[in-house]
Amino acid sequence: MRVPADGQPRLSRAFDLTVLAMAAVLVLATVEVTGSRLVGLHADALSIDDPTTMDFFLVWIAVPLIALFSRYPVHLDRPGGSIEIGVDSCVLAYLGAVADRPYQAVLLWAVGAVVAQCVDYRRMVARVFNVGVMTASGAAALWLMDLLLVRFDAQDRSLAEFLAVMIGCTAYLAFDFVISEVSVALESGDTTRRQLVESGVLISMVILVAVDSLGYLAAEIQRALPPAVMLLLAVPVLALLVAARSTTRDRERSRRMRVLFDVSRSVQSQTSAEDVLSVLEPGAQDLIRVAQTRIRETPPTRKEVGARVTDGTRDWWLVAPEWSRLRATVSSDAEHLDQLALAGSEALSRLKLTREMTYLARHDTLTQLANRDVFLDRVEHALQLARRRHSRVAVLFCDLDGFKQVNDRFGHGAGDAVLVTVAARIRRCVRASDTVARLGGDEFAILLEDVQDPDDIDRVSSSVLAAVVERAELNGHFVTVSTSIGVATSDGDDTGDTVLRSADMAMYEAKALGKNCVARYQPEFGTARVRKLEMVEAFRAALDAGEISVAYQPVVEVRTGAVVGLEALARWRHGEHDISPAQFVPLAEETGLVVPLGEHVLDIVAHDAAALGGFGPYGSPLELAVNISAQQLRSPAFVDKVRDATESLRDVDLVLEVTERDVVREDSLSLDAMRRLVEAGVRFAVDDFGVGFSSIGYLQNLPVHILKTDKTFAANIDHSARSVELLRSMLLMGQAMGLDVVVEGVERQGQLDRLRDMRYDVYAQGFLIGRPVSLAEAVASIPTAQPAQPLSDPEPVDGWAQLSVPPEQQLPVAAVQGAVTGPHP
């Protein structure tokens with residue numbers, strides 16, 4: 001019998017119908033031959049004592065036995081399905097031996113075949129075919145037995161009858177096998193010869209022919225012994241059925257293991273999720289031999305069995321009908337589908353991980369832009385195309401201005417949000433064919449391919465400048481950053497690294513030009529960059545060698561001229577030349593060397609403090625001011641470093657100066673460090689006050705004691721009424737907040753006179769007061785007789801009266817306040 005692997009009829013339909021027709025012809029011919037005899041047979045003519053009648057009744061037990069034994073076949077798997085060779089042929093042997101006439105056995109066999117298929121689980125098309133092949137093979141075998149049997153009396157039964165029955169059973173198995181194999185071959189498209197020579201057939205048929213001898217043995221027992229003795233055959237028959245079931249399921253289990261291994265190996269070699277799924281569905285169909293098995297995105301229903309396949313983010317389901325089969329149970333199907341789904345899930349997860357790792361290797365995880373490696377690869381490809389097409393390639397190197405302040409003030413989370421926003425804005429400024437990449441930190445790059453019009457570069461650059469500078473809202477605060485853009489172009493004669501490096505140099509030139517602008521690469525930029533790198537290395541070496549010295553500039557009280565403090569300023573002499581702090585201090589901040597620079601200056605000040613004890617006015621200690629950076633404030637070791645230094649200062653008080661752009665950020669690490677140092681007796685000064693940030697609200701929360709106004713506020717006070725009034729308002733504000741105010745940039749006598757005329761408690765610093773000098777010169781310049789006590793509080797004098805400014809030239813008070821405070825950033 002055939003068990004098809006596909007529920008849909010194929011090319012074998014005609015052959016199946018032919019088999020069914022042949023079986024019908026054989027049955028109808030048998031009915032025609034026996035019709036008159038069956039009509040003359042009456043129930044009241046039957047006697048229990050008649051041996052022939054008793055045989056007729058015993059024959060009828062064959063029908064349920066045929067139905068029972070057909071449930072325990074031996075399976076021979078084939079590519080297009082499987083062949084079932086059943087032990088029901090032993091019932092055929094029994095019928096061939098006990099039936100008085102072959103037509104009796106044929107009719108009973110046909111009835112048994114129909115009943116057996118009616119209680120089967122298969123689809124109708126398979127059951128109809130199996131009725132046909134079973135009936136046709138059985139009828140042919142029974143008629144063959146009748147032709148071979150010689151009519152003997154009961155006493156004359158011999159080995160010849162046994163051989164005839166065995167030959168008939170062999171013929172039955174051969175007919176059933178050949179017909180089923182031809183049908184499977186036609187259905188699967190394989191050759192019939194290949195199907196017939198598959199291994200396992202001969203040994204299975206030999207075993208089953210031996211089993212058929214039990215049927216002949218039952219017939220002999222019926223003839224010679226009481227019918228009850230036949231019950232003794234129940235034990236070997238049951239053992240046979242159990243063995244057949246066990247053998248079938250063991251072979252099925254082994255087959256499924258092979259299928260699982262093959263499919264698992266196959267899915268691991270696939271390169272896409274679609275390929276994995278395309279292997280899983282036919283693999284599942286082959287695994288459980290159910291053609292309706294499908295892979296889909298919906299889970300199984302109540303009458304289905306299924307297993308989930310997942311790649312970690314998306315789910316699929318291997319689903320099959322919930323059928324009970326001779327070779328496997330529903331739970332076995334579910335278990336094996338789970339194992340197959342597990343292999344598929346592992347393959348899908350591996351592919352997903354590979355995709356993610358490939359993506360991460362080529363993209364920036366924060367902005368989802370291409371990374372440096374991908375960008376350089378695309379630049380190289382664009383340069384190759386430019387050489388062939390005689391076009392140009394442009395690279396724009398963008399570095400954000402003011403991004404560090406955002407990070408310091410609002411935290412790195414806010415900085416990341418700004419980077420994501422900027423990335424999206426830049427992407428909107430370019431074509432789909434162009435590439436935008438994040439190179440690292442706050443650096444972005446744009447590749448413009450196939451540039452035909454040079455004005456296109458200017459248009460993109462202008463668009464990027466305008467897009468980036470738009471303010472962004474972060475947690476209720478509006479933040480504005482800009483970008484400096486360096487542009488480098490090539491017609492294909494350069495390498496990708498060279499073009500990117502040229503754009504980088506041009507970006508630094510844009511920074512030097514004032515930021516938020518565009519600079520095109522010029523050959524001389526390379527020389528300047530090399531000089532800068534050389535300066536960095538020279539400064540690093542000087543710092544390691546202790547060649548950075550300190551100069552001291554005095555701070556005086558304006559009314560008395562008393563020296564109240566000194567500011568320590570770093571100095572670097574490189575070879576025969578003095579390097580300006582305006583050059584090496586920004587360089588130190590840019591390269592991270594500002595932290596060791598600050599520690600070095602602090603060590604020198606702590607050492608020099610011993611020479612400055614006892615020089616303070618009014619019996620108070622002299623103040624030594626040291627400039628520090630925000631990087632130092634956030635350094636974990638900075639507080640302990642300053643505490644150690646204060647212990648060495650003894651009779652000198654320490655003041656730490658922080659620029660306004662650093663303290664206005666109010667990040668928690670800096671504030672905590674400042675408060676801890678104030679508790680240790682350190683005072684803080686805000687340097688360059690009034691520039692960089694226009695809001696003074698931050699002064700309410702910072703532990704500062706001194707305001708040092710930027711030198712631009714004192715630049716014109718000796719001849720500008722507006723400048724006098726603006727500075728005066730800053731002095732008033734400092735007095736109201738209890739802060740000392742130091743006016744920097746006092747370089748002319750007229751500036752100092754104007755400060756004296758204001759009659760406020762104010763301090764001055766500048767070249768007029770004293771230039772930065774060595775420790776020995778600073779000590780020598782301090783008057784030996786400092787004032788013993790401060791003067792009485794002065795009466796402020798209106799600066800306008802001193803300058804005799806006409807009323808029409810005076811600034812309104814509101815305008816003065818606006819100039820100081822200004823709008824919030």
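This is a predicted model: local features need pLDDT of at least 70, side-chain atom pairs count only at pLDDT 80 or more; totals for chains, interfaces and linings use all residues.
Visitor: Is the crossing of helix 25 and helix 26 left-handed or right-handed, and what makes it so?
Guide: Right-handed. Residues are numbered from 1 along each chain as its sequence is written, and side-chain values use heavy atoms, without hydrogens and water.

Visitor: Why are helix 25 and helix 26 called oblique?
Guide: Their axes come within 12 Å and cross at roughly 50°. Axes are lines fitted to C-alpha atoms, for helices over the stretch in contact, with angles from 0 to 180 degrees between N-to-C directions. Under 35 degrees is roughly parallel, over 145 roughly antiparallel, 65 to 115 roughly perpendicular, and the rest oblique. So helix 25 and helix 26 are oblique to each other.

Visitor: Which residues in helix 25 and helix 26 meet?
Guide: Val724, Leu727, Arg728 and Leu731 in helix 25 meet Arg754, Leu755 and Met758 in helix 26. Contact means heavy atoms within 4.5 Å.

Visitor: Does Asp608 count as buried or exposed, and why?
Guide: Buried is under 20% relative accessible area, exposed is over 50%, and partly exposed is in between, using a 1.4 Å probe and protein chains only. Asp608 has 11% relative accessibility, so it counts as buried. Its place is in helix 20, and, neighbours within four places in sequence aside, Asp608 touches Tyr552 and Leu775.

Visitor: What makes a nonpolar core?
Guide: Buried Ala, Val, Leu, Ile, Met, Phe, Trp, Tyr and Cys residues, joined through side-chain atoms within 4.5 Å. The largest one has 75 residues, and Phe539 and Tyr552 are among those with the most contacts inside it. Helix 20 (residues 594-608) gives the most to this core: eight residues.

Visitor: How do you know that strand 5 and strand 6 pair?
Guide: Two strands pair if DSSP finds at least two bridges between them. Strand 5 and strand 6 have seven, in the antiparallel sense. Arg308 stands opposite Trp317 in strand 6.

How values were computed
Helices (H or I, at least four residues) and strands (E, at least two) are DSSP runs, numbered from the N terminus. A crossing is left-handed if the near helix is turned anticlockwise from the far one by less than a right angle, and right-handed if clockwise.
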